[in-house]
Amino acid sequence: MKKEMNPKTPTPKQPYHHGDLRRALLDAAEAELAEKGVEGFTLRGCAKRAGVSHAAPAYHFKDANALLTALATIGFERLNRSMTSRQHAERGDPRQDLVAAGLGYVAFARDNPTLFKLMFGSERPASDDSDLLQHASGAFATLVNSVRNIRGDDPMADADGLQDIAAAWSIVHGIANLLIAGRMGFLQPLLERDPETVLADIIARSLPQQ
């Protein structure tokens with residue numbers, strides 16, 4: 001006679017095998033975000049794109065917002081890398097370093113417009129997530145340190161320094177958003193001739209006085 005299973009005894013769950021499932025879901029999430037935007041982003045859509053069952057993401061992400069939080073965290077890591085790598089490639093005096101960081105900021109935004117929007121224009125990522133805060137703070141620290149190197153003091157310590165940080169951030173963020181939105185057509189003739197020089201000159205207008 002076939003032995004019946006005891007309904008009170010839980011059946012052990014089998015481990016899910018998909019190589020690096022978390023990485024696969026993040027890759028799918030980035031593609032899903034780029035295609036459908038934040039508004040059309042769903043966990044089910046990411047699972048389908050990754051070729052896994054709709055329940056599989058629960059192994060790593062409790063919901064779509066958790067996945068978007070992880071994606072935004074990666075975005076801030078890449079943003080900081082874009083800023084610092086540009087500085088290393090164009091190492092110059094402190095003022096040139098800040099301009100280089102700004103160019104890296106704008107380049108990241110233009111290459112990743114929907115990810116940039118997620119990072120700075122959406123409430124779906126958890127703003128109190130520790131990993132997100134760490135990487136967002138790292139990108140901000142690159143800006144602060146660049147301003148510090150120009151001023152020769154801590155810009156976070158007084159009103160003038162804080163305003164210098166705000167001015168530098170605002171101009172590169174504004175340029176990035178306007179370019180993404182296609183709102184700088186009046187500047188297009190200049191950008192077509194020498195985009196790097198034009199953008200660098202605009203960014204330099206926000207630099208604090210030494």
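Biologist: At what angle do α6 and α7 pack?

Modeller: This is a predicted model, in which local features need pLDDT of at least 70 and side-chain atom pairs count only at pLDDT 80 or more, while totals for chains, interfaces and linings use all residues. Residues are numbered from 1 along each chain as its sequence is written, and side-chain values use heavy atoms, leaving out hydrogens and water. Helices are DSSP runs of H or I with at least four residues, and strands runs of E with at least two, numbered from the N terminus; axes are lines fitted to C-alpha atoms, for helices over the stretch in contact, and angles run from 0 to 180 degrees between N-to-C directions. The axes of α6 and α7 are 10 Å apart, and the packing angle is about 120 degrees.

Biologist: What does that angle make α6 to α7?

Modeller: Angles under 35 degrees count as roughly parallel, over 145 as roughly antiparallel, 65 to 115 as roughly perpendicular and the rest as oblique. The angle is about 120 degrees, so α6 is to α7 oblique.

Biologist: How many nonpolar residues are in the contact of α6 with α7?

Modeller: α6 brings F140, L143, V144, V147 and R151 to the contact (heavy atoms within 4.5 Å), and α7 brings D160, G161, D164, I165, A168 and W169. Ala, Val, Leu, Ile, Met, Phe, Trp, Tyr, Cys and Pro count as nonpolar, Asp, Glu, Lys and Arg as charged, and the others, Gly among them, as polar. By class there are three charged residues and one polar, and the number of nonpolar residues is seven.

Biologist: Is W169 buried or exposed, or in between, and by what relative accessible area?

Modeller: W169 lies in helix α7 and is in contact with Y105, F120, F140 and L143, apart from neighbours within four places in sequence. Buried means under 20% relative accessible area, exposed over 50%, and partly exposed in between (1.4 Å probe, protein chains only). W169 is partly exposed, because its relative accessible area is 33%.

Biologist: What is the relative accessible area of T69?

Modeller: T69 sits in helix α3. Not counting residues up to four places away in sequence, T69 touches R124, P125, A126, D129 and L132. T69 is buried, with a relative accessible area of 5%.

Biologist: Which hand has the crossing of α1 and α2?

Modeller: The axes of α1 and α2 come within 8 Å and cross at roughly 115 degrees. A crossing is left-handed if the near helix is turned anticlockwise from the far one by less than a right angle, and right-handed if clockwise. The crossing of α1 and α2 is right-handed.

Biologist: Which residue just after α2 takes a positive phi?

Modeller: The buried residues of α2 are L43, G45, C46, A47 and A50, and their cover includes α1 and α3. Just after α2, a positive phi of about 75 degrees is taken by G51.
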